[in-house]
Amino acid sequence: GVGIGVGNLTSFTVGEETIPSNSIGGDNCSIIGNNIVNTSWGIVCSGGGKSYITISQNNITANTEGGIALYGGSSKIISENRICNNTAGAGIVLSGYLDQISNNYVSGNMRGIELGSSNTVIYGNNITQNHINGLYIQTSNNIISANSIADNLIGIYLNSAFAPENNTICHNNFVNSQNVFNGDPYGDLPYDSQSWNDGYPS
């Protein structure tokens, strides 16, 4: 089953639990300090877009489908989690807008972070040894900065089928990955539709 399913409840906090399988949900919720292992998905948002969700300081490991999946809504924060070895899916799947993914350790998943959220910041994450992509991007107007992206097959994959544009990709550290791939065999995704900077500020 699912470790934590975010459904239709509101204003709750879950913390400091070992969760093999459970289902709770809603807006304005916090999921902090849990150990979520050996489920299908670790944490899932279902039943429509949920907003003002904070997921922080959880260990989400060895789940058969993926780590965290939040669909729709806005103002969601995913921070300081350890999301590792979720075998068949992504460490983080996120859609919506005005979200933040920061300071997570995301390793050993099929994809590291699958971004379907716009106007979102991805900052300070360690994204390493994911089997296909470190970051898989479908959307526009995001900031991707100060991440360590190492030992993934492809560091950042821009899926041209969704025509992402106006993403700012700057000050990331790429190690042993194909840095950026536009996902388009015909080369129709112009790189000047994004903003790039390979260096770090002084």
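**First stop: Tyr123**

Select Tyr123, which counts as partly exposed because its relative accessibility is 44%; the class lies between buried, under 20% relative accessible area, and exposed, over 50%, using a 1.4 Å probe and protein chains only. This is a predicted model, in which local features need pLDDT of at least 70 and side-chain atom pairs count only at pLDDT 80 or more, while totals for chains, interfaces and linings use all residues. Residues are numbered from 1 along each chain as its sequence is written, and side-chain values use heavy atoms, with hydrogens and water left out.

Tyr123 sits in strand S16, residues 121-123. Strands here are DSSP runs of E with at least two residues, helices are runs of H or I with at least four, and numbering starts from the N terminus.

Together with Tyr123 they make a nonpolar surface patch with about 250 Å² of accessible area. Patch members have over 30% relative accessible area and no salt bridge; like charges are joined within 9 Å, and nonpolar side chains (Val, Leu, Ile, Met, Phe, Trp, Tyr) within 5 Å. Accessible areas come from the Shrake-Rupley method with a 1.4 Å probe, and for residues only the protein chains shown count as cover.

**Second stop: Gln138**

Move to the loop between strand S18 (133-137) and strand S19 (143-145), where you will find Gln138. Is Gln138 buried or exposed? Gln138 counts as buried because its relative accessibility is 18%. Show its surroundings: leaving aside residues up to four places away in sequence, Gln138 touches Glu114, Leu115, Gly116, Phe162 and Pro164, a contact being heavy atoms within 4.5 Å.

Arg111 is partly exposed, with a relative accessible area of 23%.

Next, select Asp99 and Lys76, a salt bridge whose closest N and O atoms are 3.0 Å apart. The pair links distant parts of the chain, 23 residues apart: Asp99 lies in the loop between strand S12 (90-97) and strand S13 (100-102), and Lys76 in the loop between strand S9 (66-70) and strand S10 (77-79). Both Asp99 and Lys76 are buried.

**Last stop: the whole chain**

Zoom out. The protein chain has 0 helices and 25 strands, and 52% of its 202 residues count as buried.

How values were computed:
Salt bridge = Lys/Arg side-chain N within 4 Å of Asp/Glu carboxyl O.
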